[in-house]
Amino acid sequence: MNNNIDVLIIGAGPAGVAAGIGAKKEGAQNVVVLERDWDLGGILQQCIHPGFGLRTFKEELTGPEYMHRFIQQAHEVGVEFRTNTMVFQIDKESNTVWTMNKERGIEALNPKAIVLTMGCRERPLGAIRIPGTRPSGIYTAGTAQRFVNMEGYMPGKRAVILGSGDIGLIMARRMIWEGAEVEGVYEVMSWPGGLRRNIAQCLDDYGIPFHLKTTVTKIHGQDRLEGVTVAQVDDHMTPIKGTERFIECDTLLLAIGLIPENELSRMAGIEIHKVTGGPVVNDLLQTTNPAVFAAGNVVIVYDLVDNVSDEGLIAGANAAKFALGRIPKDAKRIPVKGGENVRLYSPQFVTGEADTTIFMRVTHPIEQACKVFAEPGLYSQRLRYARPGEMNEVKIKAEQIRNLPDLSEIVIDIQPV
Amino acid sequence: MNYDIVIIGSGITGASIARELSRYKLNIAVLDKASELPAGASRANSSMIHGGFDDKPGTAKAKFCVPGNKLWHKLKDELDVHIDECGSFVCAFNDDEIKHLELLLSQGKANGAPGVEIVSGDELRKREPNVSPEIVAALWSPEAAIINNFEAVNAMIESAQINGAKLFLETQVTGLLFDDKGGIRGVATNKGDFTAPIVINAGGTHAGEIASWAGDSSFKIIPTKGEYFLLDRVAGTFVTSFLFSCPSKAGKGITVLRTAEGNLMAGPTATEQEDPEDRATTPEGLAEVLKGARKLVPNFPVNMNITTFAGVRANTESGDFEIRALTKPRGFINAAGIKSPGFTSSPAIAQYIAELIREELSDRVKLTPNEKFIPERRNVPRFLYLNMDERKKLAEKDPAYAQIVCRCETVTEGQVIEAIRRGARTITAVKMMTRAGTGRCQGGFCCPRVAEILSRELNIPLEEITRHGGGSKLLVGKTKEFLLNKEGK
């Protein structure tokens, strides 16, 4: 069976499970999803708080509940899952996927199409080079979440949270629920990293102080963390002398950003976008290797799992089309360009083979009426505001592209009105 | 506990001495206060095997560096240690610095360092295209190499253990014991007395204090901090050899190198301090490293940094190694002040210590060759570097080798279990022995998994697992228990 796989999907998080469903529904015969953990669901398994699926199911679900619905559907349509199976290498030329599993040992798979759905990982402490010692008690928020929600252990009693990414906000509340103290959340930027609703529901509701333009400047403690020094920063993010403050704590949780996890993509020789950190893709979610597709946080870090599932369905369906020889080889490749206030976006190319959504984030917040648009005259939508912590979308119909045979590029931007 | 030899400290110096002396029929105890090896300066240094041009002829450093370099090139196979034989360049930016290169060249010739020569800046850039266009010349040393220092210390001490030496971790020497003739009788520790007619002081930054207990105040250790940046493997193609700046009085200056494992690295600073245990990085130190790195490699990709760290090296006032057997108390040997090129020199120093014992202390301990000495020692299998057939075989033999624990460095559960079998008891010990947690996510993924395996294999509760011994526990309790305890129910 190994050499008879139509679509092989790497990672059974929300993107991967949806890709499996999308591939089966498009008519692929053998669709296999590989998962390195013992269970399906990816990071959503440890997200036991509600707030998932408002768009897709019109109700608030927990992470495991949301995944359960997709997993059930995947089983119904005949997706094959292999858990405890890790891909550790993809060969560039042959697209051979090397897997390992305790029962099956090491295997080489040669699928007709591949979908990358490995998700993302958290930025570690070293990425921001905070001076001081290296005691225990410093965790990324996701690692702490795994300890608390999956293993049932507390990482500490009194926490400081650095960065205001969503997992950090969620974990601030979680630590309070478990009887720990949270001294405060510190964000180096002048705007929050996570969603406003999480600031309200996880910090404000629990009286957890939130400090913008403030960061940790020193770590104290030999064995276990004993405290951190925080300081306000100026517009160049340099700590301001005289604003330093020592905070006693035994735990520092980091929510300082997520990075698409593309070690395997690099091995496969796929072009990685310098800004998104994910594969360069077109609107079919096809990478620069035509047999390899990618979806979800491995491409660009989304705010909402609903978007990740939607993209997974699309990537799976197109991978199936590729496996079945139904993707035209001479599809268009119209580049998308970001305007002045666009930090990142995906996809970077449009074929016009299908209706598409371009996801984007602004560089600087616009706290007034503004509009998101795509030139030449493809899309325009008024917004009340635009914030880096909240993604914006541009929707383009295949028909619009077909009607513009000389279209050479699409420019997207968000500007005040 | 009675031994023939007690060695204080199991850094590269102590471990090399232990291994060298295990060639003889001796009961050897090696004591270290740390929970895992390497711990002190042997953990946090530039991992350089020096070419031997940097030391003034006639010094102890000059005496041991070139022979040490030669020994390491042989030991790497015997001990299964990773060495990248990349060579080194000392870079000169102006005429004054070229004069310095000429001095180094003549020292190199006097010290017997093979193949040392001065090349032009353009020749350097042919091999290292990312170095500064302002470099006008460089001293090339082909025998210089970069070693995996974590592996090397563990390999040395393991080889000694294979040949009968005993290692005692978390064992801190608190004083010396003397016999009624004023000779050495052993050491007192937090774990009780270890008696032996010969005590070797390889106490690193604490060696001065330990020597003073023996009444020896002939040298003083000046703890000197060195701070470093460690970058992602992805940045490892930026430079492929070891790049020195021209040295100043404080040290060899900021260097840029590719580690034996392919990470880009820059450092160290040289800041003298009182506290031998202060390994905190500082804003000033890190800024100095970055400035120095950018001088050598202008587009040094600091955005790929994965961690910063500092080590404290055992500088001496003389600037040289302090290696001698004391006449009073007899039986006490200093192997102190072992800083750069200490890692390089250590196997040669170890041979010299054996010679000292043979020539000066044979009344205390006789060196009878151990015919059963096994020079070879194999590393924990390194899955990352095996070919696919080797990997398949390993996974067939033991399914734990078909389970990745550390994604960044491709470390399997089998390797973690093997490290535990060889004595690893902490997260950091597993890291030192397998490299789990040394990669770009710095343990974010593998730390909980390694903790689980430690807990399972050692049959101790997860809450008891520490990062690096002492009070460095990872967790503070179970979730609901914690809440109930807090509410006093």
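Analyst: Two strands pair if DSSP finds at least two bridges between them. Helices (H or I, at least four residues) and strands (E, at least two) are DSSP runs, numbered from the N terminus. The model is predicted: local features need pLDDT of at least 70, side-chain atom pairs count only at pLDDT 80 or more, and totals for chains, interfaces and linings use all residues. Residues count from 1 along each chain as its sequence is written, while chains are lettered from A and ligands numbered from 1 in written order.

User: Which residue of β24(B) is the bridge partner of A:M154?
Analyst: Strand β12 of chain A covers residues 153-154. The partner of A:M154 is B:G477.

User: Which element gives the most to the side of chain B that touches chain A?
Analyst: Residues are in contact if their C-beta atoms, placed from the backbone, lie within 7 Å. Chain A brings 36 residues to the contact and chain B 43. With five residues, the top giver on the chain B side is β19(B).

User: Which residue of β8(A) is the bridge partner of A:W98?
Analyst: β7 of chain A spans residues 97-101. Five bridges pair β7 with β8(A) in the antiparallel sense. A:W98 has as its partner A:A108.

Terms used. Two residues are in contact if their C-beta atoms, placed from the backbone, lie within 7 Å.
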